[in-house]
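Please look over the structure below together with its sequence.

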Amino acid sequence: MSLSSQSSIHGEWGSRWAFILAATGSAVGLGNIWRFPYVVGEYGGAAFILVYLGCIVLIGLPVMIAEILLGRSGRQSPINTMRTLPARYGASQAWQILGWLGVVAGFLVLSFYSVVGGWSLAYVPFTAAGNFSGAETAVVEGFFDDLQASPWQLLGWHTLFMALTAFIVVRGVEHGLEKAVRVLMPVLFFLLLVMVGYGMGAGDFAGALEFMFTPDFGALSGEAILVAMGQAFFTLSLGLGAIMAYGSYLSSKYSIPGNSAMIAGADTLIAMIAGLAIFPIILVAGLDMQQGPGLVFVTLSYGFGQMPGGLLFGTAFFLLLSFAALTSAISIMEPATAYLVESRGWRRPAATATVAGAAWFVGIGALLSFNVWAGYELFGLNFMQLTEYLSTSIMLPLGGLLIALFAGWVMPRAFSEKELAFSDQRWYRLWLLLVRYVVPVAIVVVFANTLLNP
Ligand code: PHE
Ligand code: NA
């Protein structure tokens, strides 16, 4: 029996679909619908999107394949996988850093992710109460500003979101997740299409297409390229061990490359559709493209307020967005939780409560940066911006760099070739070329470029 045919102590996915749906649930979330449009708006549109798409194909997809490969070969929490695998291949124990880096990045990501997930929950009753029906842009913006101005409201929603996430993680990630993702994701997709349809009729759709697809590379700063690369990692859930943990529960019967391409494809499609839903409304309503994290909440609630049936569609939309955020948040919580269960012998509820509690606490800093702490900045960034930047733009790409190097240079070729089982030898060679050279060089160059041309 080869090592990789052992299964994980945390259980195993019941089917190939269970893995695909859980991993898609992890990938599709606030990253697509909240973060993608707001960073595209902030960094100027088409050129940013092209760099982002290039990063998905040339960096994200090969790293996703590598990360699942590591998880399935180690069959443990990412921290222990990065202890076991180096030992198996006679490599340095310094590779353990990868597992710990992921856990720290996971805490940072989860802390602000839960705050924004809380905004999404808050928008369910806001919309259902009819606040946005026929409302002017100033009224819609006022709602977002009032929410941000109230630390207690933000704390309540953040706490609710984190509690819901912990509740699902305690029950074990495979429980019910499969069915929920299978049913609810398509509905979310449908609602985005409704919004695109509305934008085609009532928004500035031509303007949105031009903004999204006519690139002006002259305007692209070093920082924009770094943020685009970080967004590719963030949106595909890479670099912090979430996908590695899910990969460790994947039976060795199933194909890693094929599943990875499906997950990355679905994620990219949803981000682009979200852009097509949002930009036509921003342009026609004269909203500020560069307003930052509030962009999607303001734009969509305005759009739903204007369209027929918007009360129902809008309420359902924010409910489903909250759900999509939950299926991502549980995957961020999984690596640290699995580690505490595996190595410290904790019971799953205690491990989950501890991880959730710690991330909840850091999240308080994120929600205070919109009000009480708004004046405190470091390098021109407030607390939330700092955690978001440090985790998504620096730590996730760094994690991805280490994953690529490990899969490309430390894992024996014979092993990765057999495990990945590409249908064609040439695809394997291409993957190896990407993880060995293209991914590491690209990440190092983008990091260096940002330092030199901020
Ligand atoms: N990919 C998720 C999203 O787009 C966020 C995420 C990041 C999940 C990192 C897991 C790990 O919303
Ligand atoms: Na995503």
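Which helices each supply at least two residues of the shell around ligand 1? They are helix H1 (16-27), helix H2 (30-43), helix H10 (222-235) and helix H14 (310-343), where helices are DSSP runs of H or I with at least four residues, numbered from the N terminus. This is a predicted model, in which local features need pLDDT of at least 70 and side-chain atom pairs count only at pLDDT 80 or more, while totals for chains, interfaces and linings use all residues. Residues are numbered from 1 along each chain as its sequence is written, and chains are lettered from A and ligands numbered from 1 in the order in which they are written.

**Ligand shell**
- Ligand 1 is surrounded by 15 residues, of which the closest are Gly 29, Gly 31, Ser 237, Ala 242 and Ser 328; a residue counts as near if its C-beta atom, placed from the backbone, lies within 6 Å.

**Helix pair**
- Helix H12 (residues 256-285) packs with helix H13 (residues 295-306) at an angle of about 80°, their axes being 9 Å apart, with axes fitted to C-alpha atoms over the stretch in contact and angles running from 0 to 180 degrees between N-to-C directions.
- H12 is therefore roughly perpendicular to H13, a term for angles of 65 to 115 degrees.

**Overall fold**
- The protein has 18 helices and 0 strands, a strand being a DSSP run of E with at least two residues.
- Along its principal axes, the C-alpha trace of the protein spans about 65 × 50 × 40 Å.

Note on methods:
Angles under 35 degrees count as roughly parallel, over 145 as roughly antiparallel, 65 to 115 as roughly perpendicular and the rest as oblique.
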